[in-house]
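Please open the structure in your viewer and keep the selection panel at hand.

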Amino acid sequence: MVIELIFYPLCTFSISYPWKSDNTSKDLSRALQSFLRDLITYFSMFGVYPSIRDINILSGIRGLKITIGYVNYLDEARKVMILRLLGRGSESRSKRGDEWGFDRFVHLIRECALSLISPIACDIITVGDSRYMEYTHPMKIKQTHEELKKVIKAIDKSKYEELCRNFPHLKIDVSRILLEDQEIRKILAFSIMALLSGAHRNGIAIRQVASQWILWKIAEIVKDIALASKRGITSTGMDVGILGTNELLKILYALIADTYLWLSHIGIIRVKFYGVETHYSVAAVPLATLYQFLKSKIERDGKSNWCEFSSMLKSFLSKSPSFMNEMFSSLCCYLKMSANKCSGGCMGNDFSMYADIIGEIAGKTKVFLQEFFKEFFNNKDFSISSDTLLGRFSFLTEKIKRVFSGEKKKFNVLITTATEQYGPAQAYLLLELLNSSTKRGSSRLIVLYTQLSYWNRLLVEDALRCRYSTEIKECTFEYYPISPSNPYLTLEIVKKIFSSLKEQCVLMILQGQLNIVLPAIAACKDMPVDRYLVLVL
Amino acid sequence: MNDEDLVIRIIHAMPSVNIFYPDATFSYTEAIREYDALLLLKVVRKARGRTESEYYPILIEFAGKLHEASKLMVDRLLNNPQVVICGSQELCSQMREMLSFHHFILSDLGFLEKKLDDFAKKFIEVYKHVAEHLNLFWFSLISLSVNNFRKILGDFARLSNGNLYLDYLSELGRLYKSVLDREENIELVLEDLSRIVEKIEANQKSTSELTRKIDRFLQKVKKSKQKRLTIMIYPQSIFIPKNIKDTSDTSILRLKNMIKILKMLIDAIKNTDGIEYVDALIMSNRRIENLCNILAKELCGLIDTKTAYIDENEDPLVNTLKGLITTDGDINLLVVVLQDYKKDLFGKSLRKIVEDLNNKGKGANLALIIIPEAVFTTSRGEQTKRIIVVSGNFLTGISARYSDKLDIKSMMELMYPHVLWLDTDDLYFITKAKIVW
């Protein structure tokens with residue numbers, strides 16, 4: 001088949017529901033609109049924040065399918081997003097208002113793909129209906145004109161369906177879980193943005209944040225199931241939870257594939273990726289290792305870059321069932337073990353459970369990746385020091401658990417530095433730590449961020465607001481911009497924070513470069529020794 | 001509109017507005033776009049006895065040449081901010097023919113340009129200290145939706161603490177927040193803001209605290225028996241393969257920059273009165289072994305250089321530091337971190353050294369500096385009108401400007417506030433047990 005040579009899909013997200021005027025349909029419609037709002041917010045990197053009223057232009061939407069894949073463009077795998085929006089009726093009979101909404105939405109996404117601010121870099125292909133050669137509807141004529149004039153990529157509906165059917169790729173159906181959980185909508189929107197991000201340093205950080213967030217959500221679902229079964233409760237949301245875990249694992253797998261396979265492929269074609277863009281990024285070290293092996297393989301086999309990439313992707317996607325099985329069996333093992341285990345202690349049950357699950361999945365992922373690449377390169381020497389996506393988060397969780405398992409002091413204030421990998425998962429982890437320390441008493445989470453991590457700060461606040469809008473009233477969140485170019489200001493800012501504390505005990509968890517870490521530590525100098533603890537990661 | 005009066009007033013101005021990629025902060029990258037000024041306009045409308053005010057931020061581009069009109073193309077990819085192009089009458093009329101009618105072009109605003117040039121001189125000191133905060137502020141103004149911009153402004157407003165630069169940022173945040181929320185205190189905030197700028201201007205010499213610390217350190221070196229200063233170098237963690245041939249490789253270029261700044265530092269120490277002997281100790285580890293070997297080779301021609309190997313799995317520095325610890329007399333140690341180091345190894349090795357010195361009963365005189373690879377700082381304004389620029393290559397450019405007989409104190413003052421100087425007390429504190437590395 002000719003098309004196989006030029007296109008390879010990675011995953012398809014599908015959300016759809018039948019159009020009825022009942023309450024469930026209305027709820028689904030609202031859930032979908034809220035998901036689309038998040039999608040636009042993240043695609044524009046917080047540059048656009050449409051209100052629900054604005055997004056009402058898409059009220060006719062009853063579903064969408066997003067296929068993310070790669071096309072062969074002069075031997076380079078270029079990323080594409082194929083977008084199919086489903087209206088009230090079939091495309092040809094959809095209402096005029098829906099068409100306007102769809103059109104504007106697609107233009108907005110195209111705008112983001114061009115913007116210098118947005119991290120996404122992909123071609124956008126829409127799915128149309130080419131059954132009719134002639135149109136009289138002004139909207140259709142406009143669309144056709146734009147398609148032809150600007151060569152805006154569009155694919156015929158039947159061709160799209162054939163692609164989805166014939167190529168083995170990850171099919172992620174999120175219709176049901178999207179309704180259940182507002183946070184999953186955000187995770188989904190952010191993950192799609194991560195998958196569409198270009199090959200740049202921030203793109204790696206976005207993928208890391210998305211993967212960590214997914215991992216946290218999985219850990220939360222499993223923890224809730226474990227706790228419910230311990231108490232002998234059969235939760236009604238349990239099956240949805242399991243379904244959610246299944247779909248979330250698929251998204252995680254897609255992110256792993258995109259990060260390891262696509263980024264290393266891009267590194268081969270554009271060597272500046274390692275030499276200039278990610279030279280400062282520790283997260284790119286495993287990718288640089290992979291790059292060396294891939295480069296040797298291409299030289300040895302004499303295949304084109306695209307051929308090597310597509311065969312690696314095909315092979316990786318074929319392993320997805322074994323990845324899912326492995327993860328599921330390890331989560332089931334954990335559930336069995338936790339049913340018999342009575343953990344507790346000063347860390348708090350919840351925190352330990354999160355840490356165990358995170359460690360388990362991150363560890364298994366690294367082993368899975370090593371095994372896959374050993375087999376693919378037919379080289380037993382292949383080894384990565386840590387996993388780009390989950391390695392840092394797992395290390396962080398493990399170290400916090402180790403340090404605090406014997407700690408009896410009650411910390412009411414937690415100060416942390418937001419690096420580019422700081423995301424909702426890290427914030428939840430720190431909150432759990434605070435909660436286990438204060439036994440859910442009043443507390444403050446203070447985040448120091450730089451101009452580099454402005455989006456991390458906004459994302460975390462967005463996620464926290466969605467998650468804890470009613471739950472945590474006792475915890476306050478504060479954010480302070482700091483500057484690595486002027487460490488003296490960081491010193492002053494942390495001193496100011498300390499001066500605002502009364503008798504509270506402070507825990508500092510510091511990450512990032514020494515120009516940020518050392519002034520923050522030096523600011524503790526005047527604090528009584530029994531009122532602080534600093535953990536440098 | 002006979003019965004209406006419209007008055008437009010500039011209530012706040014900021015010269016040289018750079019838009020940097022926030023995600024390429026430490027990559028020594030150029031700005032995406034520089035606007036000559038950001039003006040906050042107050043539009044007062046008097047109608048039927050009522051006065052209403054609105055506020056608008058606009059960006060100014062003082063065009064000197066016709067080709068500058070093409071900068072507007074970049075704006076299209078930057079959220080399309082409102083830009084007013086100003087220039088001479090002739091240039092403006094030429095531009096008018098080139099651009100579409102809706103573009104805002106104003107001629108004969110030379111007085112504004114002159115005023116902003118004077119203003120820029122006032123702002124140099126402010127910009128030098130808060131360059132990165134201002135980058136964040138401008139980027140947020142242009143690229144974030146209002147609700148998110150408001151959040152960043154709220155963070156700025158929280159910074160006030162009596163430090164003039166932080167107070168400036170705080171008032172700036174308050175000003176724009178008040179404008180967004182249409183508060184009535186805008187005039188008061190403006191007064192506070194200009195008062196702070198004046199104070200900063202009057203207080204140009206802001207390095208006094210640093211100077212005191214360096215003087216104290218140098219006094220102790222002078223008083224010590226051998227007048228010897230040991231530089232303990234933590235190089236930036238760059239992996240350099242043993243058989244590397246390509247000398248244009250980024251890692252090699254960065255290593256060259258490290259060597260350059262270290263040589264400058266050694267020269268500055270040698271030029272400092274009272275220091276008679278300088279030696280170096282390079283802190284190596286598994287990942288940067290080759291880099292440290294090259295570094296040692298380069299430095300040994302200048303000063304006595306040793307290399308200490310820190311192993312993650314073994315008790316570090318037990319043997320390698322013998323040379324340092326057994327020295328007779330007092331220890332004067334300047335710890336130099338180049339950009340960053342593996343934090344656990346850094347913390348543990350530093351702790352070990354301080355403990356060892358304590359155990360030996362030696363009255364150690366310690367200082368630590370971190371020299372960042374790239375910072376946002378102010379330009380001299382000779383080649384460019386841009387106030388904020390990126391300075392890379394471990395600030396070698398800043399020191400090189402004044403290469404004649406720089407001593408360590410003047411070198412540090414030149415690099416202020418980008419190079420952090422911590423003294424003996426700070427270092428003793430950093431190596432305490434309450435900090436887990």
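The stops below begin with one chain, pass to the interface and end inside the other chain. Please keep in mind throughout that this is a predicted model.

**Stop 1: chain A as a whole**

Chain A contains 20 helices and 11 strands. It has 537 residues, of which 62% count as buried. Consider also the contacts in chain A between residues at least 6 apart in sequence: 80% of these join residues at least 24 apart.

**Stop 2: parallel strands in chain A**

Select residues 76–86 of chain A, which form strand 3, together with residues 123–128, which form strand 4. These two strands run parallel and are joined by four bridges. To locate the pairing, display A:Met81, which stands opposite A:Ile124 in strand 4 of chain A.

**Stop 3: the interface of chain A and chain B**

Show both chains, each in its own colour. How many residues does the contact take from chain A and from chain B? Chain A gives 60 residues and chain B gives 69 residues. Between them the chains bury about 6000 Å², with 62% of this area on carbon and sulfur atoms.

The polar side of the interface may be viewed next. There are 27 residue pairs in polar contact between chain A and chain B, counting pairs with both residues at pLDDT 80 or more. Several elements of chain A give two or more residues to the side that touches chain B, among them helix 4 (96–114), helix 9 (201–230) and helix 20 (514–522). Select helix 20 of chain A in particular, for it provides the largest share of that side, seven residues. By class, the side of chain A that touches chain B consists of 36 nonpolar, 13 polar and 11 charged residues.

Two salt bridges are found across the interface of chain A and chain B. One salt bridge can be seen by selecting A:Lys525 and B:Asp426, whose closest N and O atoms are 2.7 Å apart.

Select strand 11 of chain A and residues 435–436 of chain B, which form strand 14; the two run parallel and are joined by two bridges. A:Val534 stands opposite B:Ile435 in strand 14 of chain B.

**Stop 4: an enclosed strand in chain B**

Select residues 332–338 of chain B, which form strand 9. Why is this strand described as largely enclosed by the rest of the structure? Seven of its seven residues are buried, so strand 9 of chain B is largely enclosed. In a regular strand the side chains alternate between the two faces of the sheet. In strand 9 of chain B, B:Asn332, B:Leu334, B:Val336 and B:Leu338 are buried on one side, and B:Leu333, B:Val335 and B:Val337 are buried on the other.

Strand 6 (residues 228–234) of chain B pairs with strand 9 in the parallel sense over five bridges, and B:Ile231 has B:Leu334 as its bridge partner. Strand 9 of chain B also pairs in the parallel sense with strand 10 of chain B, over seven bridges; B:Leu334 has B:Ala367 as its bridge partner there.

**Stop 5: a buried charged residue**

Finally, select B:Glu373, in the loop between strand 10 (365–371) and strand 11 (375–378) of chain B. Is B:Glu373 buried or exposed? B:Glu373 is buried, because its relative accessible area is 6%, under the 20% cut-off. Its side chain makes a polar contact with the side chain of B:Arg254, at 3.1 Å.

Notes: Residues numbered from 1 in each chain as written. Chains lettered and ligands numbered in written order. Predicted model: local features only at pLDDT ≥ 70, side-chain atom pairs only at ≥ 80, totals over all residues. Heavy atoms only, no water. Contact = heavy atoms within 4.5 Å. Buried area = accessible area lost by both parts, 1.4 Å probe. Salt bridge = Lys/Arg side-chain N within 4 Å of Asp/Glu carboxyl O. Polar contact = N/O pair within 3.5 Å; in protein donor to acceptor, adjacent residues only side chain to side chain. Nonpolar A, V, L, I, M, F, W, Y, C, P; charged D, E, K, R; others polar. Pairing = 2+ DSSP bridges. Buried < 20%, exposed > 50% of the residue type's maximum accessible area, 1.4 Å probe, protein only.
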